[in-house]
Each structure stands twice: as C-alpha cells, then as structure tokens.
Amino acid sequence: MQTEQRGRQLLNPVRAVLNRLQEHLHNQRISPSPFEFGEIQQRDRIAARPVLAKCHGNLLSEATGPLLVMQADQKNVDAIPIATAAFANIRAGFNGAWRLLSPGRLCGFLTDSADTNGLAWRIQPGEETYGIAVTVGTLIRTVTSAYRLLCLPAFEPRVAVGGTVKASSEWLDIPEFPIPRSEQRRAMGVQYASYGLYAVFLHELAHIFRGHINCIVKNDPHFSFDEQHVPDDPNQKRLRLYVETDADATAGRMLAKLALKPYLGSDPLSSTEGRQTMFDLLVSVTLTFSGFPALKDCYHSGAIRAFIFMGALMDECGTERKQSAQWLEARVSATQELMHKCGILGEDAPKYSAQEAQELVHSTLPAMLKAQPRWLDVRPFKNTSAFKT
C-alpha cells in the first residue's frame, strides 16, 4: 500500500507536466482549419467573431458549405473547393512565418462574405496578438473577373478560348457573364484569383508589421484597418493614403521574399519564364485591386495600386526601376483596357492615367517617406528580418 502511494506521489509531478503540455499544445497548435492560419487559440476565434460580423461575415470552417456562388452551364458552383485550394498556399506560407513573431501571435481567417474586403486589427487588446481576415468574396469576384477577361481571344492567345458558356451569380449580384469553355483558361482564372488573395493577405499583414495599427488605431479595440473604412478627418485621410501605399509596396516585397526566391538578385524580365511570372502576377493584382471600391483620398486607383505592388516586387527581385516602370505602365494600362472591353470595369471606373502616376511619384511617395517614422517607431516584431523592407 505504501509502495503504491509512493508511486502515485512520484507520478503526480509527471502528470502535472503532461497536463500542462497537453493544454499548451491544445491552445498553441497551428490551426487545423483549411481557412485559418497561425497560432490560433479558441479565445481568438471568440474575440474575432463579433468584429468580423459587423461587415466581414462569419468565419469559414469545415462545417461551412456548400457555398453556392454561381451557376455555369446549368450547374451550381461551390466556392468551398476553390477557397480550400487557393488558401492552401497561403496557409503554407503563413504557417511557417508565425514562428518569427514569438512571443506575439498572428491569426489569419477567411470569411464567408460576398463583399470585397480585408481587415487587420489587434485581436487581443493588451497583447501582441493580431488578426487579419479577407472575405471569400474577394477571391470569387476575382475569379469571375478573370473568367470574363479570359473569354477574350486577344488575351493570352497561346491558349484557345474554346467558346464560352453563360454564367450568372445571384450571390455576387451579377445577372449574367461569360466564362471560357477551355478548362486550361478556367484554371488560369482561379490561379489569378489565388495570387490576388495572397496579395491582399500580405497587404493586411503589412499593416501589422509596419506599425500602421499601432500608429493610427493605437489601443482602440473597436477600430481596425478595413479596406472600406473611410476616416472623416482630412488629415487622417492623407495619413491613411500614405499607410495604404506603404502596405501595397511592403506586400509586393514580401511576396518576392516568400514566393519568388529563384528571381531574387536577378532581373525577372531577362527570361521568358520570368516575364510570364511577372505578367501573371500583374494581371492577378490588377484584377483584385480593381475590384475594391474606390475610396477618394484614402487609396489610389486599382491600376496604380497594382503598379505600386508590382514595382516594389520587381525592385526586390532586382529589376532596374526605370525598366520595370515602363514595362508595368504598358501592361497595367493594356490589361485595364481589356477589362473595360469585357465589362469588368464600367465606363465610369477609373483607368490607368499618367496624371495619377505622376501624383504618386511627386506627391504620395515623398510624403509617405517623410511620414514613415511615425509608424516604424511603433511597429511590433522589430526583429522579423524576413519581413523587413
């Protein structure tokens, strides 16, 4: 009896350690959900839900679905398989990155809203725990835009369209649009949207890493960086334009470091493969950024945002700036012309303009550089060298 009691006493500390370890693993494990990434705890989901419910929808999870987003050729299209595949690469990239934030934490979510929107916020006030979320509507709207663009034989003529079929989306409030019969072209459309979704997540991540949240939001737990939020104060609008431009440029550099390592230190335009990769990314971000509502004084147009993102990406890779500017200007402009031609952009939607490009170079960028110390001095995770720009 004494031996048994002594054995239990010896095991108690071991059990206590195992219990603490099990609790730690339960709370600290990488999220198993296909629509989340990072070191997410259940309390993070609880804190995120009311913030997202205001205008970003509900968290996507394994229990969600089917999410029928369009009808094509008399068949319903479920967004869940598309979102799962698109999010797999993002999860792979971000789930390796969260370790750099220790002891802070990053929580990423995809939500079920049909709107085009993204969000960054401090998910746990008083902690270095941040949330970023993007709506699944951002992905699906880019897919539908890409399909329409890919119905034009003049776009990527190396791949035949193979005719078109009629589609519609009550979910997106698009009564009718064409999609290509070619399975290869449809796959290209989903790939463009996946790249675009990655770019938006990196943009939201930049708001955290660059100190934008600590600079503007400070400790207000009810305020967040929302792609559709417009501040009323003119000074806040100007500051918002500078941090949004900084986030687009930082996101471009991040994508180069995370996903384009073969091109770092070289000029991607010097090879056929590099030029095709740059073109695919350019089309992706042009389609995606052009889908966000225009917010005067807070953001540049979708075309200029694509120009900013891709310019920073190519600069990080090693392309000479004047060369990349000329290459990007011609192709962003041409892509948007085709977007107008196939009805993705209405006649009143802003096109790429040399005047806005000059405004970016001579006004926004100098003011942004001057204001940068305001947010860099309060940025978290200062030692995350992989994300420095």
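**Reading a sheet and its helices**

Modeller: Let's start with strand β2 (residues 68-72) and β7, which pair in the antiparallel sense over 2 bridges. In this pairing, alanine 72 has alanine 167 of β7 as its bridge partner. This is a predicted model, where local features need pLDDT of at least 70 and side-chain atom pairs count only at pLDDT 80 or more, while totals for chains, interfaces and linings use all residues. Residues are numbered from 1 along each chain as its sequence is written, and side-chain values use heavy atoms, leaving out hydrogens and water.

Colleague: What is the order of the strands in the open sheet?

Modeller: The 4 strands run in the order β3-β2-β7-β8, with antiparallel pairing. At the edges are β3 (75-78) and β8, each pairing on one side only. From one strand to the next, the twist averages 35°; axes are lines fitted to C-alpha atoms, for helices over the stretch in contact, with angles from 0 to 180 degrees between N-to-C directions. Helix α4 (residues 136-150) packs on this sheet, touching β2 and β8, and its direction makes about 55° with that of β8. Contact means heavy atoms within 4.5 Å.

Colleague: How many bridges join β7 to β8?

Modeller: 5 bridges join β7 (residues 164-169) to β8 (residues 174-180), and the two run antiparallel.

Colleague: Now a helix: which residues of α2 are buried?

Modeller: An α-helix has 3.6 residues a turn, so residues three or four places apart point the same way. In α2, the buried ones are Asp44, Arg45, Ala48, Val51 and Leu52, where buried means under 20% relative accessible area, exposed over 50% and partly exposed in between (1.4 Å probe, protein chains only). They cover an arc of only 130° around the axis, so they lie on the same side of α2; the arc is that of the directions from the helix axis to the C-beta atoms. These buried residues pack against β1 (36-38), β4 (105-111), β5 (118-122) and β6 (129-135).

Colleague: Is glutamine 372 buried or exposed?

Modeller: Glutamine 372, in helix α11 (residues 354-376), is buried, with a relative accessible area of 14%. Leaving aside neighbours within four places in sequence, glutamine 372 is in contact with Arg210 and Asp246.

Terms used. Two strands pair if DSSP finds at least two bridges between them.
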